[in-house]
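Subject: Handover of a structure

Dear colleague,

Please find the structure below, followed by an account of what was found in it.

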Amino acid sequence: MTMTPGLRKFALTAHVTSSVGWLGAVSGFLALAIAGLTSQDAQMVRAAYLAMELTAWFVIVPLSLASPITGLVMSLSTTWGLFRHYWVLIKLLITVFATILLLVHMQPIGHLARVVAETTLSKGELGGLRIQLVADAGAAVLVLLVATTLSVYKPRGMTPYGWRKHHEEREESQP
Amino acid sequence: LSIAVLSGKLLSMMQSDESTPRWVWGFGIVALILVLGFVVLHLTGHGLGGHFS
């Protein structure tokens, strides 16, 4: 699959924007999760968990879907390929894994938002769930930082499939 | 002799351009430990499933 330079730049812009935006949104989510866990102010706790649900549904989930889709388009339309280089393959696995985990964890986020919308959370109430959200958001920030680092450094190393394709292409170009 | 030949072949494979880079092995090992830890936490009831009640 080949793209015109203009289209390729547009796809790259979409991929970088969605990927870095995802990292930024999850960082904001982490700040809200920490505020919800540690604040003594009931209004702050309520606001934090309500904002977390909104952020998750309307910012994080769309970006977490846009990032791998635009990444797939970029990899298949450039010489990098999807399975040729370890850094691309690992980034794909990280992104898919993080998206699945996020979608699985949307249910408890919604549960917490419903609870704070109806009642005032007492100190320590749903403590395990609130700590888990902080831990998950922290882990997500780390994972997305790893993905960003891989994109920038592009560490060397081709997969066995990548080497096979490389040899095939070299043989074809040297009849 | 066969062990020496095999280890020599293994060494040359590891040092060749087509071998899996060390950073991939390190990354894979760390990822495996983290995923196993995550699965164990969830299976032992320390994950999200145990906090709804």
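Which helices of chain A each supply at least two residues of the lining of the second largest pocket? They are helix 1, helix 2 (42–77), helix 3 and helix 5, where helices are DSSP runs (H or I, at least four residues) numbered from the N terminus.

Two conventions apply throughout. This is a predicted model, in which local features need pLDDT of at least 70 and side-chain atom pairs count only at pLDDT 80 or more, while totals for chains, interfaces and linings use all residues. Residues are numbered from 1 along each chain as its sequence is written, chains are lettered from A and ligands numbered from 1 in the order in which they are written, and side-chain values use heavy atoms, without hydrogens and water.

**Pockets**

A pocket is an open set of points on a 1 Å grid over the protein atoms alone where a 1.4 Å probe fits, with protein on both sides within 12 Å along at least five of seven lines; lining residues have an atom within 4 Å of a point. The second largest pocket holds about 640 Å³ of space, a volume being the space filled by probe spheres set on the points, which are joined across faces, edges and corners. Among its 27 lining residues, H15(A), G71(A), W87(A), K91(A) and S151(A) lie nearest the centre. Helix 1 of chain A gives the largest share of this lining, seven residues.

The largest pocket contains about 1,100 Å³. It is lined by 38 residues, with F97(A), L101(A), A139(A), A140(A) and V143(A) closest to its centre. Elements giving two or more residues to this lining are helix 1 (5–38), helix 3 (86–104) and helix 5 (127–153) of chain A, together with helix 2 (22–43) of chain B.

**Interface**

The contact (heavy atoms within 4.5 Å) involves 22 residues of chain A and 15 of chain B. About 1,600 Å² is buried between the two chains, 74% of it from carbon and sulfur atoms; buried area is the accessible area (1.4 Å probe) lost on putting two parts together, summed over both.

**Salt bridge**

Over all chains there is one salt bridge, defined as a side-chain nitrogen of Lys or Arg within 4 Å of a carboxyl oxygen of Asp or Glu. The side chains of E169(A) and R84(A) form a salt bridge at 2.7 Å, N to O. E169(A) lies in helix 6 (residues 160–173) of chain A and R84(A) in the loop between helix 2 and helix 3 of that chain, so the pair ties together parts 85 residues apart in sequence.

Yours sincerely
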